[in-house]
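Me: I'm new to reading protein structures. Could you walk me through one, a feature at a time?

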Amino acid sequence: MKLYDLIWLIPILPLAGAVFNGLVTNRLGLSKRVAHTVAILGSGSAWLLGWGAVWQWATQLGIHHTHVVKLYDWVLGGHLRTLSGRVADITIGLSFQLDALSAVMLLFVTFVGFLIHVYSIGYMHGETDAGYARYFAYLNLFMFSMLVL
């Protein structure tokens, strides 16, 4: 199993935690333990999957190889005539890229994001259950946004 082919799943894990905490935990008034467990699982599993993907990519493909996982074509355009007279097709795809810079940023964002989640459990202990769940939903949503960047 090639974990570096699953890099699209890394930002989806915190997003799933954000959706669950925002729509289920917050609306149903579930306990604080449920809210931070879901958030920790989303960010922690993104961190672990990120480490595994970067490790496999670096050892199997090498750090000088750029690995692109294309999910689908987002915008299909027509033909574009360049100044030199050549015709080029315009296609914008939704894809994730793993190279040396994105690997460093992936490891940094997931690790620091996970530590912030763990720290926030104690920091937010006096908050109401709904506010607690909303905070962790926003925190996971922020981590999703940083990982997509």
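Predicted model: local features only at pLDDT ≥ 70, side-chain atom pairs only at ≥ 80, totals over all residues.

Me: Let's zoom out. How many helices and strands does the chain have?

Reply: There are 4 helices and 2 strands. Reading from the N terminus, the order is α-α-β-β-α-α. As for overall form, the radius of gyration is 19 Å, well over the 15 Å that the globule rule gives for 149 residues, so the chain is more spread out than a compact globule. The C-alpha trace spans about 65 × 35 × 25 Å along its principal axes.

Me: And what share of the residues counts as buried?

Reply: Of the 149 residues, 32% count as buried. Among contacts between residues at least 6 apart in sequence, 71% join residues at least 24 apart.

Me: How do I read a nonpolar core?

Reply: The general idea is that in soluble globular proteins, nonpolar side chains tend to be buried together. Here, the largest nonpolar core has 17 residues, and those with the most contacts inside it are Ile7, Ile10, Val54, Trp57, Leu98 and Leu147. Helix 2 (32–61), strand 2 (87–98), helix 3 (100–123) and helix 4 (129–148) are the elements that give two or more residues to this core. Helix 2 provides the largest share, 5 residues. Apart from this core lies another, of 7 residues, including Ala35, Met124, Phe136 and Leu139.

Me: Now for helix 2. Is Leu49 buried or exposed?

Reply: Leu49 sits in helix 2, and at 13% relative accessibility it counts as buried. Not counting residues up to four places away in sequence, Leu49 touches Leu3, Leu6, Leu9, Ile10 and Leu13. Take Ile10 from that list: it is 39 residues from Leu49 along the chain, yet their C-alpha atoms are separated by 6.6 Å.

Me: Which contacts does Ser43 make beyond its sequence neighbours?

Reply: Ser43, also in helix 2, is in contact with Phe114, His117 and Met143, leaving aside neighbours within four places in sequence. Its relative accessible area is 0%, so Ser43 is buried. The C-alpha atoms of Ser43 and Leu13, 30 residues apart along the chain, are separated by 6.9 Å.

Me: What about Asn140: buried or exposed?

Reply: Asn140 counts as buried, because its relative accessibility is 0%. Asn140 lies in helix 4. With neighbours within four places in sequence left out, Asn140 is in contact with Pro14, Gly17, Ala18, Ala39, Gly42 and His117.

Me: How many aromatic pairs are there?

Reply: The structure holds 5 aromatic pairs. One of them joins Tyr119 and Tyr123, and it is stacked: 5.9 Å centre to centre, with 25° between the planes. Both tyrosines lie in helix 3, 4 residues apart, about one turn of the helix. Tyr119 and Tyr123 are exposed. Elsewhere, ring pairs link Trp47, Phe111 and Phe114 into a cluster.

Me: Last topic: charges. What does Lys32 lie over?

Reply: Lys32 lies over the face of Tyr132, at 5.5 Å from the ring centre.

Notes. Residues numbered from 1 in each chain as written. Heavy atoms only, no water. Core = buried A, V, L, I, M, F, W, Y, C linked by side-chain atoms within 4.5 Å. Buried < 20%, exposed > 50% of the residue type's maximum accessible area, 1.4 Å probe, protein only. Contact = heavy atoms within 4.5 Å. Phe/Tyr/Trp six-rings, centres within 6.5 Å; stacked < 30°, edge-to-face > 60°. Lys NZ or Arg CZ within 6 Å of the ring centre and 35° of its normal. Rg over C-alpha atoms; globule rule 2.2 N^0.38 Å.
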